[in-house]
Amino acid sequence: MKKKVIITGSGNGIGYEIAKEFLNMGHHVLAISRDVSKLLKLKNRPFGICIPLEMDLTQKSSYKKIEKILLEWMFVDILINNAGLLVKKNFDKLKDQDIYYSYEVNIFVPIKMIQLVKPYMGKKSHIVNIGSMGGIPNTKKFPGLSIYSSSKAALSNLTEVIAEEFKEEKNGPSVNCLALGAVQSKMLKDAFPCLYDSSISSKKMAQYIYSFSIEGNTFFNGKTIPISSKN
């Protein structure tokens, strides 16, 4: 059955690969990004239907564009909060803008998206928040990533709490968080330009996220699940 899927941060990297996976399997995808130049090429895919939507999710006025599509769709099966921002700076050198913008993208935007989309979801719908291993307590931490890791920790905690709330509702969707480890992507290169390589490609991770988004809510709800290479 074709599903209606919303993916934020889908212009590049993992988000772009996730959109491709859903389209290749014939689903309808609302692909949100500040730059849709790559996404425009997906509009001609022979199977699924891609709606590229260029917008900055930190701007409240932009949400009217999403709401218009929601009114046309009437129902959403999957919301993937993939948009993220990584600022790498030592704690003492962080500026207010670094802190506020990081939390805006990594936690406030997912909150806004869930509030907007949830009324169009049902009991079998699935919200997937893309977190980070850095946001899980007692995992390896790296200097310079205090704001990124702490904002992802907030996303993980949000997932667990709202899942409990939604359980009490007749049509409340499932909510889970995938805490990603190192993935070969632009974000990884920005964080560790000379030190870190990953055996997991963006495409391979996207395939996992696709499968989890489709079936994961059958087995999990309110969970933060670490996804990291053994290597």
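**Figure 1. Helices and strands across the whole chain.** Helices, at least four residues long, and strands, at least two, are runs assigned by DSSP and numbered from the N terminus. Counted that way, this predicted model has 6 helices and 7 strands. Start at the N terminus and you can follow the elements in the order β-α-β-β-α-β-α-β-α-β-α-α-β.

**Figure 2. The overall fold, sized up.** The C-alpha trace stretches about 45 × 40 × 40 Å along its principal axes. A compact globule of 231 residues would have a radius of gyration near 17 Å, and the protein's value is 17 Å, so the two agree. Buried residues account for 52% of the 231. Among contacts with a separation of 6 or more, 69% link residues 24 or more positions apart.

Figure 3. H1 covers residues 13-24, and at 1.5 Å a residue its 12 residues should span 16 Å; the end C-alpha atoms sit 17 Å apart, which agrees.

**Figure 4. What hides H1?** Most of this helix is covered, with 9 of its 12 residues buried. Among the buried ones are Ile14, Tyr16, Ile18, Phe22 and Leu23, and Glu17 and Glu21 are buried too. Their cover includes strands E1 (4-8), E2 (28-33), E3 (49-54), E4 (78-81) and E6 (174-180), along with helix H6 (202-215).

Terms used:
Residues numbered from 1 in each chain as written. Predicted model: local features only at pLDDT ≥ 70, side-chain atom pairs only at ≥ 80, totals over all residues. Heavy atoms only, no water. Expected span 1.5 Å × (residues − 1). Buried < 20%, exposed > 50% of the residue type's maximum accessible area, 1.4 Å probe, protein only. Contact = heavy atoms within 4.5 Å. Rg over C-alpha atoms; globule rule 2.2 N^0.38 Å.
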